[in-house]
Amino acid sequence: MTAIRVLGISGSLRHESFNTALLRTAGTLVPEGMALTVQLLHDIPLYNGDVEAAGLPAGVVALREAIRTADGVLIATPEYNNSMPGVLKNAIDWVSRGKDQPLAGKPLALVSASNGGFGGARAQLAWMPTLTVLGARWMHRPQFYLSNAQQAFAPDGSLVDERTREKLRGLLASFAAWCGEKASV
Ligand code: FNR
């Protein structure tokens, strides 16, 4: 029986995205009792208060529900110009609207993959103000940054380096425990 259901959200729309590939690999490395599904953001329109006033778009409703029903959220964030990408920030901004925003108290972890040498570390840091105000229960450690991602994946999208896979496995094991713990208020 799967006890812990994790929603993996990729912040990239690119078909061959390293961040999406990272989440798909994570899905194969989860500990026993955890299942990870990957959510893409192609159905999320640009935030517009007029659209919101007419009713949340279907893609936003679905994303909010997916977050609400998950035991934890694992976000794979690309890094754009030393910060988070607009596509992902836009999705989280939509999710934050309305009553009962589903990231409040939600166990959450971040991973990142980038072409650069810092592996998206600056993007992860850039998420701090947003995740703080939304009250997500962010697991800060262990950290996972995949640098030089263009060299890290096999043609089938799997992570090549066993030490990197082991690191990701370790993060997922820690996250299983994190999702299982009750939030202290
Ligand atoms: C980048 N990239 C990038 N990489 C990085 O390590 N630090 C950065 O500041 C930036 N800035 C940046 C800006 C913009 C507009 C783009 C399009 C790209 C490169 C980025 O890591 C690379 O495109 C990854 O492939 C993006 O992730 P996905 O799409 O592969 O998941």
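## A first look at the ligand and its surroundings

A polar side-chain atom of glutamate 79 lies 2.7 Å from a nitrogen atom of the ligand. Welcome to this predicted model. The ligand sits in the second largest pocket, and on its own it would expose 620 Å², of which the protein buries 73%. The points below begin with the ligand, then visit a helix residue and some places where the backbone deserves a look.

**Around the ligand**

- Asparagine 19 places a polar side-chain atom 2.8 Å from an oxygen atom of the ligand.
- Asparagine 82 uses its backbone: one of its N or O atoms lies 2.8 Å from an oxygen atom of the ligand.

**A residue in helix H7**

- Leucine 168 belongs to helix H7, which covers residues 162–180.
- Leucine 168 has a relative accessible area of 0%, so it counts as buried, the cut-off being under 20%.
- In sequence, leucine 168 and threonine 25 are 143 residues apart, yet their C-alpha atoms are 8.9 Å apart in space.

**Backbone features to look for**

- As background, most residues other than glycine have a negative phi, and most peptide bonds are trans.
- Asparagine 81 has a positive phi of about 45°, although it is not a glycine.
- You can find asparagine 81 in the loop that runs between strand S3 (72–76) and helix H4 (86–95).
- Asparagine 81 counts as exposed because its relative accessibility is 79%, and the cut-off for exposed is over 50%.
- Aspartate 100 also has a positive phi, near 55°, and is a residue other than glycine.
- Look for aspartate 100 in the loop between H4 and strand S4 (107–113).
- With a relative accessibility of 67%, aspartate 100 counts as exposed.
- The peptide bond leading from arginine 141 to proline 142 is cis, and its omega is near 0°.
- Proline 142 itself lies in the loop between strand S5 (137–138) and strand S6 (145–146).

Methods. Residues numbered from 1 in each chain as written. Predicted model: local features only at pLDDT ≥ 70, side-chain atom pairs only at ≥ 80, totals over all residues. Heavy atoms only, no water. Polar contact = N/O pair within 3.5 Å; in protein donor to acceptor, adjacent residues only side chain to side chain. Areas by Shrake-Rupley, 256 points an atom, 1.4 Å probe, with all protein chains shown as cover. 1 Å grid on protein atoms, 1.4 Å probe; cavity = no way out; pocket = protein on both sides within 12 Å on 5 of 7 lines; lining within 4 Å. Sits in = over half its atoms within 2 Å of the grid points. Helix = DSSP H or I, 4+ residues; strand = E, 2+ residues; numbered from the N terminus. Buried < 20%, exposed > 50% of the residue type's maximum accessible area, 1.4 Å probe, protein only.
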